[in-house]
Amino acid sequence: MNFLDPQKLILAFGVVGILAIIFAETGLLFGCILPGDSLLFAAGIFTVGSAASGLGLDEPLSLPVLLVGGPICAIAGAQLGHWLGAKYGRKLFDRPDSRIFRQEWVEKAEHYFEKFGPAKAVVLARFIPIVRTFLNPLAGVLGMDARRFFVWNVVGGILWTDGLFLAGHFLGSKIPNIETYILPGIIVIVLLSVIPIIREVLKARSENARKGDNTAVEESRPSLSGDSSR
């Protein structure tokens with residue numbers, strides 16, 4: 001699973017690899033298995049010289065390149081996803097479940113799209129793993145106007161990438177020897193990013209249980225039709 005370890009990815013591919021992963025995670029369906037929040041946060045930390053040295057990098061990552069290139073790749077990837085959804089429709093998701101694809105992920109993305117509305121969903125999805133991969137093509141499938149999608153795609157792309165880059169850079173510059181705490185920090189970021197998914201799962205289970213109880217009550221009520229045989 002080394003290809004999912006942000007530190008190993010940064011060591012192996014540097015800034016170019018980070019930008020390529022951002023594009024793939026937001027534009028290609030298989031990108032849902034790639035690290036997102038944790039990679040961006042770690043990249044921000046390693047823009048600080050001391051942290052980069054602790055990781056074994058010859059020089060720190062370029063913060064200006066990340067701040068400019070990150071949003072561009074995130075926006076371009078999402079636009080590709082939207083275009084693929086608009087072009088191929090539902091058949092884009094017409095595939096069996098596998099290790100890198102689940103129909104429930106598409107359903108979850110559609111849930112957010114319907115719950116928050118197209119504009120807000122495009123922005124909020126950036127901060128939710130897996131959903132940010134599938135919501136972009138789904139927006140195309142559901143007919144969200146390309147120009148409107150682009151506007152909110154830009155907003156979400158900048159907030160997501162630059163927000164995490166700057167958060168990592170800030171902590172990396174304030175906490176001595178932060179490279180020794182990078183793994184716990186990444187774990188916290190990952191946990192925070194999956195909270196919305198856990199919350200929705202628990203909410204869905206609660207709603208299903210409530211519906212089941214209501215159904216049971218309805219079935220247990222005596223008939224008012226006078227038919228004693230029921």
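**Close-up views of a predicted all-helix model**

**View 1. Glu25, a buried residue of helix H1.** Glu25 has a relative accessibility of 2%, so this residue counts as buried. The model shown here and in the other views is predicted. Glu25 is part of helix H1. What does Glu25 touch, leaving aside its neighbours within four places in sequence? Its contacts are Gly31, Leu34, Pro35, Gly36, Arg132, Thr133 and Trp160.

**View 2. The whole chain, built from nine helices.** The protein chain has nine helices and zero strands. Read along the sequence, the pattern is α-α-α-α-α-α-α-α-α. The chain holds 230 residues, and 43% of them count as buried. How many of the contacts between residues at least 6 apart in sequence join residues at least 24 apart? The share is 77%. The accessible surface of the chain is about 12,400 Å². Carbon and sulfur atoms account for 62% of that surface.

**View 3. The largest nonpolar core.** This core has 28 residues. Which residues have the most contacts inside it? They are Ile10, Ile18, Ile22, Phe46 and Leu61. Five helices each supply at least two residues of this core: H1 (6-27), H2 (37-45), H3 (49-55), H4 (63-88) and H8 (146-174). H1 gives the largest share, with eight residues.

**View 4. Ile18 and its contacts.** Ile18 is among the residues with the most contacts inside the largest nonpolar core. Residues up to four places away in sequence are not counted here. Ile18 then touches Ile10, Leu39, Ala43, Leu61, Leu66 and Phe165. Two of these names, Ile10 and Leu61, are also on the list of residues with the most contacts inside the core.

**View 5. A second core.** A separate core has 23 residues. Among them are Phe93, Tyr112, Phe113 and Ala121.

**View 6. Phe93 and Phe134, a tilted ring pair.** The count of aromatic pairs comes to three. In one of them, the ring centres of Phe93 and Phe134 are 6.4 Å apart. Phe93 and Phe134 are both buried. Ring pairs also link Phe93, Trp105 and Phe134 into a cluster.

**View 7. Tyr112 and Phe116, a stacked ring pair.** These two rings form an aromatic pair with 5.7 Å from centre to centre. Their planes are 20 degrees apart, and the pair is stacked. Both residues lie in helix H5, four residues apart, which is about one turn of the helix. An α-helix has 3.6 residues a turn, so residues three or four places apart point the same way. Phe116 is partly exposed, at 29% relative accessibility.

**View 8. Helix H5 from end to end.** H5 has 14 residues, which at 1.5 Å a residue should span 20 Å. Its end C-alpha atoms are 20 Å apart, so the span agrees. Which residues of H5 are buried? They are Trp105, Val106, Lys108, Ala109, Glu110, Tyr112 and Phe113. Just after H5 comes Gly117, with a positive phi of about 85 degrees.

**View 9. Leu135 in helix H7.** Leu135 sits in helix H7. Its relative accessible area is 0%, so Leu135 is buried. Not counting residues up to four places away in sequence, Leu135 touches Ala109, Tyr112, Phe113, Ala121, Val122 and Ala125. Where is Gly85 relative to Leu135? The two are 50 residues apart in sequence and 9.5 Å apart in space, C-alpha to C-alpha.

**View 10. Ala51 and Gly172.** Ala51 belongs to helix H3. Ala51 is buried, with a relative accessible area of 0%. Ala51 and Gly172 are 121 residues apart in sequence. In space, their C-alpha atoms are 6.7 Å apart.

**View 11. Lys87 over a ring.** The charged end of Lys87 sits over the ring of Tyr88. The distance to the ring centre is 5.6 Å.

Notes:
Residues numbered from 1 in each chain as written. Predicted model: local features only at pLDDT ≥ 70, side-chain atom pairs only at ≥ 80, totals over all residues. Heavy atoms only, no water. Core = buried A, V, L, I, M, F, W, Y, C linked by side-chain atoms within 4.5 Å. Buried < 20%, exposed > 50% of the residue type's maximum accessible area, 1.4 Å probe, protein only. Contact = heavy atoms within 4.5 Å. Phe/Tyr/Trp six-rings, centres within 6.5 Å; stacked < 30°, edge-to-face > 60°. Lys NZ or Arg CZ within 6 Å of the ring centre and 35° of its normal. Areas by Shrake-Rupley, 256 points an atom, 1.4 Å probe, with all protein chains shown as cover. Expected span 1.5 Å × (residues − 1).
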